[in-house]
Amino acid sequence: MQYTCLIIAFPESAGAAMEAQFPDYGFKTCVVASMRRASGLLREWRFDAAVLDADDYGERYVDMVRTLRRESRVPLLMLTQSLDEATELSALDCGATDIVHKPASARLVAAKLRRLLEIGSMPPDEPPEVKLGPLTLNVRHASASVDHRPLVLTSHQFELLYLLARHPGQFVHREAIARALRSHAAAVGRSADVHIYRIRRKLRALGDTGLCLDTVHGRGYCLSLDGSTRLDDSAWREAHDDEFVN
């Protein structure tokens, strides 16, 4: 299996060795130099892991690690020449998964990433595949399909739809979504409606799927099949978005 890895290094040429060698160890890479670019990619695409070559960013590495952790929960390795314990503790406290001291070969970094991915790839209570009617979501491959036709989703859209599909016909509160995605509830509140809208559009493009994706305004969301299962919740009577997928 080939994994995807985001490499943040300044300048970008500093990540050239890993970019050239990682495919030999099962990783497809994307190298960026700025935190702004890294954040944009993490919001739009699903990466399996990330590497931050921290030395050339100075003390900014702390904010960068925090930002990376807010944007994604994938394993994050920080590369550094520093042997200072305070630096390592600070990086770990901010969200780094592990630290690798330079110089380190691309083979070693890839091996550490692969081991972290193997350890955390599948929590015991998380099924590798979820099906709801024609919808199939596969976590291991981060793939979605409807009636065996590909459904192309961003990483956040996939995780949101996966969470709803695991609880078909049930109202899922925004706070539960924030916990599941390991994000701040406020951030989920601002962006989830946009993700839901875009998921609806993508489902509609596939025709009559029989799936209903409802919004309980200001509270959460519900995914059901043919609208046959509805939660008996006062929120439905108070206000709900009656815009359906089919």
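**View 1. The open sheet of 5 strands in the predicted model****.** The strands of this open sheet run in the order β2-β1-β3-β4-β5, and their pairing is parallel. At the edges lie β2 (27–32) and β5 (98–101), each of which pairs on one side only. Direction ignored, neighbouring strands of the sheet are turned against each other by 25 degrees on average.

**View 2. The pairing of β4 with β5****.** Strand β4 covers residues 76–80 and pairs with β5 in the parallel sense over 4 bridges.

**View 3. Strand β1 and its pairing with β2****.** β1 and β2 are paired in the parallel sense, over 6 bridges. In this pairing Ile7 stands opposite Val31 of β2. Strand β1 is mostly covered, with 5 of its 6 residues buried.

**View 4. The buried residues of helix α3****.** Seen along α3, the buried residues are Tyr61, Val62, Met64, Val65, Thr67, Leu68 and Glu71. Their cover comes from both strands and helices: it includes β1, β3 and β4, together with α2 (35–44), α4 and α6 (155–165). Two of these helices, α2 and α4, are taken up in the views below.

**View 5. Helix α3 against helix α4****.** Helix α3 (residues 61–71) packs with helix α4 (residues 85–94) at an angle of about 25 degrees, and the two axes are 8 Å apart. Angles under 35 degrees count as roughly parallel, and α3 and α4 are therefore roughly parallel to each other. The crossing in which α3 passes α4 is right-handed. On the α3 side the contact involves Tyr61, Val62, Val65, Arg66 and Arg69, which meet Thr87, Ser90, Ala91 and Cys94 of α4. Sorted by class, the residues of this contact are 5 nonpolar, 2 polar and 2 charged.

**View 6. Helix α2 against helix α3****.** The axes of α2 and α3 come within 9 Å and cross at roughly 15 degrees. This angle makes α2 roughly parallel to α3. α2 passes α3 in a right-handed crossing. From α2 the contact takes in Met35, Ala38, Ser39, Leu42 and Arg43, and from α3 it takes in Met64, Thr67, Leu68 and Glu71. By class, these residues divide into 5 nonpolar, 2 polar and 2 charged.

**View 7. The chain as a whole, for orientation****.** The secondary structure of the chain comes to 9 helices and 12 strands. Of its 246 residues, 46% are buried. Among contacts between residues at least 6 apart in sequence, 61% join residues at least 24 apart.

Terms used
Residues numbered from 1 in each chain as written. Predicted model: local features only at pLDDT ≥ 70, side-chain atom pairs only at ≥ 80, totals over all residues. Heavy atoms only, no water. Axes fitted to C-alpha atoms, helices over the stretch in contact; angles between N-to-C directions. Helix = DSSP H or I, 4+ residues; strand = E, 2+ residues; numbered from the N terminus. Parallel < 35°, antiparallel > 145°, perpendicular 65-115°, else oblique. Left-handed = near helix turned anticlockwise from the far one by under 90°. Contact = heavy atoms within 4.5 Å. Nonpolar A, V, L, I, M, F, W, Y, C, P; charged D, E, K, R; others polar. Pairing = 2+ DSSP bridges. Buried < 20%, exposed > 50% of the residue type's maximum accessible area, 1.4 Å probe, protein only.
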